[in-house]
Amino acid sequence: MSELKPVKGKIFTLPFFILLILSVIAIPFIVKRFMYGLGAVSNLSDGYPWGMWIVYDVVTGTAIACGGYAMAILVYIFNKGQYHPLVRSALLASMFGYTLASVSIFFDVGRYWQMYNIFLPWYSNTNSVMFEVAACIATYVLVMWLEFSPAFFEKPGQEKTLKKINSAMFIFIALGVLLPTMHQSSLGSLMIIAGDKLSGLWQTDFLPLLFLISAIMMGFGMVIFESMFSSVHLERPLEKSLLSKLSGVIPKLLIVFLIIRFGDLIFKGKLGLIFSFNFQSLMFVIENLLFIYPLIILSSKEKKDQSKYLFLSAASLVLAGAVYRFDTFLVGFNPGVNFHYFPSFAEIMITVGIISVEIMAYLIFIKTLPVLPDVKHA
Amino acid sequence: MKVDRRNFLKVLSAGAVTAAVPDNVFARAKKDVPPDAVGILYDSTLCIGCKNCEMACQRYNKLTAQPSDSNNRDFDPYTFALNKIQIYRNGDKTDKESENKYNFFKKACMHCVDPNCVSACPASALTKDEESGIVSWNSDACIGCRYCQVACPYSIPKFEYGAAFPEIIKCEMCQHVQVKGKIPGCCDFCPTGASVFGKFSDILQEAKNRLALPEKSNYNYPVGDLIGKRSKNNPVEKYINYVYGEKEGGGTQYLILSAVPFENLGLPKLPDYSNAAKTEGIQHTLYKGMIAPIVLFAGLAFTTYKTAKAEDEKGE
């Protein structure tokens with residue numbers, strides 16, 4: 001791991017300061033939520049009990065944070081050691097993504113003071129998909145901090161501790177692959193019980209498989225996106241040859257995903273819903289165009305080696321997965337009576353605040369701990 | 001063999017798993033109505049929309065009008081009760097019962113035989129009583145995740161969005177007065193017998209008897225409960241020959257009769273199995289005895305160990 005070094009530079013830069021302001025803005029809204037209830041800050045209702053916080057912070061946020069999961073599959077399971085330089089930064093982003101998702105659940109859950117009930121054996125309901133998701137995500141957050149912990153000890157005088165942690169590391173890594181496989185698929189299973197309240201364009205028994213595949217794809221997309229972004233903004237050379245090789249995995253996953261997605265719609269006879277020309281059908285088309293764009297670009301040999309196209313297709317892929325999640329939990333969800341939902345300003349600002357804290361924490365960690373490959377060797 | 005469209009598709013797609021399986025192939029076994037189950041029969045042809053049931057509900061459950069605590073537009077915010085009379089209007093609104101005129105519907109918890117909310121709740125806050133079949137909520141367990149609201153096909157559970165320490169609010173069939181030998185408020189105070197309380201097997205039989213009555217004949221409709229101390233003579237309307245709730249989503253203990261199509265009353269068309277059965281079927285197939293996760297973990301740990309060791313040796 002000697003090639004990983006803290007990034008040189010000040011922590012308090014202008015972008016950092018802007019993020020700090022954004023996260024401070026969220027505080028009064030959070031206070032208001034705890035004093036006057038969820039209705040005081042959000043547009044949530046009995047018809048739309050889940051809004052921006054669940055759908056973005058948890059369902060989409062953790063999928064965006066699947067970079068660590070995707071890289072671990074590649075490096076440790078398929079033994080592609082050449083991607084090793086990307087592992088720790090991907091893991092760090094995942095760790096903060098999941099940690100902040102867990103924090104945001106506290107804002108959303110109505111009776112947060114007894115949230116631990118889920119884990120009390122006499123209250124746990126093993127029939128509940130929500131129980132599976134909660135137990136898995138909580139464990140995974142812990143596992144990721146353990147997986148990342150060597151970064152704290154990679155300095156002189158700590159060799160003993162480091163060796164101890166590393167000897168057990170294979171267990172953490174294996175758990176780090178098992179747990180997202182379980183909960184990313186279960187996040188999809190959550191909506192099966194909603195039945196016909198969810199439009200036929202999204203409701204299917206294949207939700208767990210589709211959520212799992214799209215989470216892995218979003219993970220790879222995020223790894224490409226993050227490394228390219230940090231190479232531009234932190235003035236680091238681009239690990240381009242690695243990235244374009246990495247992007248070769250994505251089209252294969254995309255083809256499997258789209259075959260299941262459309263095969264299911266065709267066999268159930270629900271594909272006609274695309275032509276209902278309403279908001280749902282529009283969002284379905286946008287979602288799938290975003291999935292198809294990276295498929296076309298990354299299948300083309302000359303285009304996938306160009307940084308511009310690589311960046312655009314990674315961004316498109318992550319956005320596609322995000323739109324797929326918003327569609328499945330909100331756009332396609334119709335509680336049947338005259339309910340409407342669009343996130344309130346306060347809901348959006350709390351989410352923006354959480355994302356800001358996430359990015360600030362990432363910046364602090366890469367500048368103080370060995371996370372990214374050293375510039376000279378990269 | 002009769003070749004219908006479904007079978008034809010099945011044959012066509014013999015290789016494709018997707019179509020060859022019926023919609024509920026993963027579903028676990030259906031649940032039965034508990035032997036001593038209780039229930040309510042709501043006959044919308046008798047309902048005059050007087051809202052006595054809402055008033056009784058408030059009184060029995062000690063609910064005060066809390067307009068800010070529920071923002072469900074489906075529930076009148078000024079008469080906060082666990083049931084709600086809704087009006088279906090169409091045409092010139094002069095005549096009750098006919099499809100293009102008007103009708104009433106009392107919306108309340110259906111007390112499903114295989115409730116989605118009970119299956120969905122991660123903390124077992126919602127439970128179905130093994131004897132009475134009543135679905136009730138436990139404030140000590142609930143974490144307020146509102147998955148029950150997502151899962152309920154009738155959008156019944158209410159959450160206090162306006163409260164700092166919110167609760168889930170739903171009909172528990174006045175089980176606190178049932179233990180004292182009384183009947184639910186909505187049935188007790190219904191002047192026409194539109195809502196009647198009884199043993200589930202009895203109300204189902206009563207519903208079927210009513211469907212067999214000749215139109216415009218006179219019938220002594222029981223009022224309050226089926227024991228028959230009170231009754232009211234009324235002419236029989238032209239029923240739709242169907243008991244809503246007998247099969248819906250695996251069955252409900254709140255049964256509904258109507259003279260107008262059930263979808264006009266806002267009742268969803270549901271398959272004859274519960275989505276809870278389907279979800280639990282899928283989850284318990286994947287996680288049976290935790291065998292699949294354990295095997296997967298063992299494989300992952302072994303592979304990772306080998307990879308990490310090989311890398312270490314390369315590094316040294």
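This is a predicted model: local features need pLDDT of at least 70, side-chain atom pairs count only at pLDDT 80 or more; totals for chains, interfaces and linings use all residues.
Visitor: Where is Lys62(B) placed?
Guide: In the loop of chain B between helix H3 (52-60) and strand E2 (84-89).

Visitor: And what is phi of Lys62(B) near?
Guide: Phi there is near 50 degrees, a positive value in a residue other than glycine. Most residues other than glycine have a negative phi.

Visitor: Switching to chain A, what about phi of Phe277(A)?
Guide: Phe277(A) also comes with a positive phi, near 50 degrees. You'll find Phe277(A) in the loop between H11 and helix H12 (279-299) of chain A.

Visitor: Is Phe277(A) buried or exposed, then?
Guide: Exposed: Phe277(A) has 8 other C-beta atoms within 10 Å.

Visitor: New topic. How many residues of chain A are in contact with chain B?
Guide: 56 residues of chain A, and they touch 56 residues of chain B.

Visitor: Which element gives the most to the chain A side?
Guide: That's H8(A), with 9 residues.

Visitor: What's that side made of, by class?
Guide: On the side of chain A that touches chain B there are 32 nonpolar, 17 polar and 7 charged residues.

Visitor: Which domains is chain B divided into?
Guide: Domain 1 (38-273) and domain 2 (275-311). Their contact takes 6 residues from domain 1 of chain B and 6 residues from domain 2 of chain B. The domain 1 side of that contact has 2 nonpolar, 3 polar and 1 charged residues.

Conventions
Residues are numbered from 1 along each chain as its sequence is written. Chains are lettered from A and ligands numbered from 1 in the order in which they are written. Two residues are in contact if their C-beta atoms, placed from the backbone, lie within 7 Å. Helices (H or I, at least four residues) and strands (E, at least two) are DSSP runs, numbered from the N terminus. Ala, Val, Leu, Ile, Met, Phe, Trp, Tyr, Cys and Pro count as nonpolar, Asp, Glu, Lys and Arg as charged, and the others, Gly among them, as polar. Domain bounds come from an automatic or database domain assignment. A residue is buried if 20 or more other C-beta atoms lie within 10 Å of its own, exposed if 12 or fewer, and partly exposed in between; C-beta atoms are placed from the backbone.
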